[in-house]
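Hi everyone, thanks for making time.

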Amino acid sequence: MKINFFSVTFWFNIFDEHTSILEKFRKELNEEYKNFNVKNITDNLLMPVITTFNEEKMTNMQMSQINLQYNMDKVNIESFEEFKEKVLKIFEILTSHNIEVLHTSLFISSEIESEDALEIITKKTLTKSILNEYLVDTTLKFGKKEEDLYYKIITLLNKKQIKLPKKFDELGRLVPVPLISWNGALVENEIIDISYEINDKYSFDFTKNYHTTDFYLNKMLYILINNYESDIQNLLENGEF
């Protein structure tokens, strides 16, 4: 199984003092990020106000008025400790700035290359009445609560990389891909695209005055790295989640 990226999203109440927290980012994250881009606050609460990236490490961070997301690309299983360290560091910066993190989402994107991607996804997860020769694509999402504290979510879909020849019309203009027939197209490869998420939104929804703490964040990080592979395998091979 190839891991594509790790991601974390922290959610908090509306925050508009980005100039003050920017100094903490520059001080605490200076080994990874040298430049931060700052935009004016707008009515769109999800619009990033602070953004930064590290091209060498393939990481990026963006903070809006209600969330902060950190992504680490081009990773493998050995990269998780570095990701965990950065997640805890960013959480510490937020909480030290009196930002109460309401709930947190941790995410792993991965893939399995297989010529039988559709069959592998559906063999144990769909009923025989649905499985037939006419089924060509699927996206399946499975979610459950874990320990009455967290939501665990797995999403599976089959993807095909199609190679289409360039086509030009009678005026020599390049024909857009949606207007080209796939008849005779070459399928270069097919993958099972897998997303695995754990979040504490369940606790936020059903526990009065809940917010993410160091304890719950560390527990979710532990579940993420120790369970994701076996959970995915169990779902694909046994249809159990």
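**Contacts and overall layout**

Okay, so of the contacts in the chain with a separation of 6 or more, 69% are between residues 24 or more positions apart; contact here means heavy atoms within 4.5 Å. Before I go on, this is a predicted model, where local features need pLDDT of at least 70, side-chain atom pairs count only at pLDDT 80 or more, and totals for chains, interfaces and linings use all residues. Residues are numbered from 1 along each chain as its sequence is written, and side-chain values use heavy atoms, with hydrogens and water left out.

The chain has 5 helices and 9 strands; those are DSSP runs, numbered from the N terminus, with helices being H or I of at least four residues and strands E of at least two. Starting at the N terminus, you read the elements as β-α-β-β-β-β-α-β-α-β-β-β-α-α. The C-alpha trace spans about 60 × 55 × 35 Å along its principal axes.

Of the 241 residues, 42% count as buried. By buried I mean under 20% relative accessible area, with exposed over 50% and partly exposed in between (1.4 Å probe, protein chains only).

**Aromatic rings**

How many aromatic pairs does the structure hold? There are 14 of them, and the rule is that rings of Phe, Tyr and Trp (its six-membered ring) pair if their centres lie within 6.5 Å, with planes under 30 degrees apart called stacked, over 60 edge-to-face and the rest tilted. One of them is Phe6 with Phe80, an edge-to-face pair at 5.6 Å centre to centre and 80° between the planes. Phe6 is in strand S1 (residues 2–12) and Phe80 in helix H2 (residues 80–96), so this pair ties together parts that are 74 residues apart in sequence. Are these two buried or exposed? Phe6 is buried at 0% relative accessibility, and Phe80 is buried too, at 2%.

Now for another pair: Tyr202 and Phe206 are tilted, 4.9 Å centre to centre with 45° between the planes. Both sit in helix H4 (residues 201–206), 4 residues apart, which is about one turn of the helix. Tyr202 counts as buried at 15% relative accessibility, whereas Phe206 is exposed at 58%.

The charged end of Lys144 sits over the ring of Phe241, 4.9 Å from its centre; the test is NZ of Lys or CZ of Arg within 6 Å of the ring centre and within 35 degrees of the ring normal.

Where is Leu29? Look in the loop between helix H1 (18–28) and strand S2 (37–38). Leu29 is buried, with a relative accessible area of 4%. Leu29 and Ile90 are 61 residues apart in sequence, yet 8.6 Å apart in space, C-alpha to C-alpha. Setting aside neighbours within four places in sequence, Leu29 has contacts that include Met61, Lys86 and Ile93.

Then there's Ile21, in helix H1, which is buried at 0% relative accessibility. Beyond its neighbours within four places in sequence, Ile21 touches Phe15, Ile50, Met63, Ile93, Leu94, His97 and Ile99.
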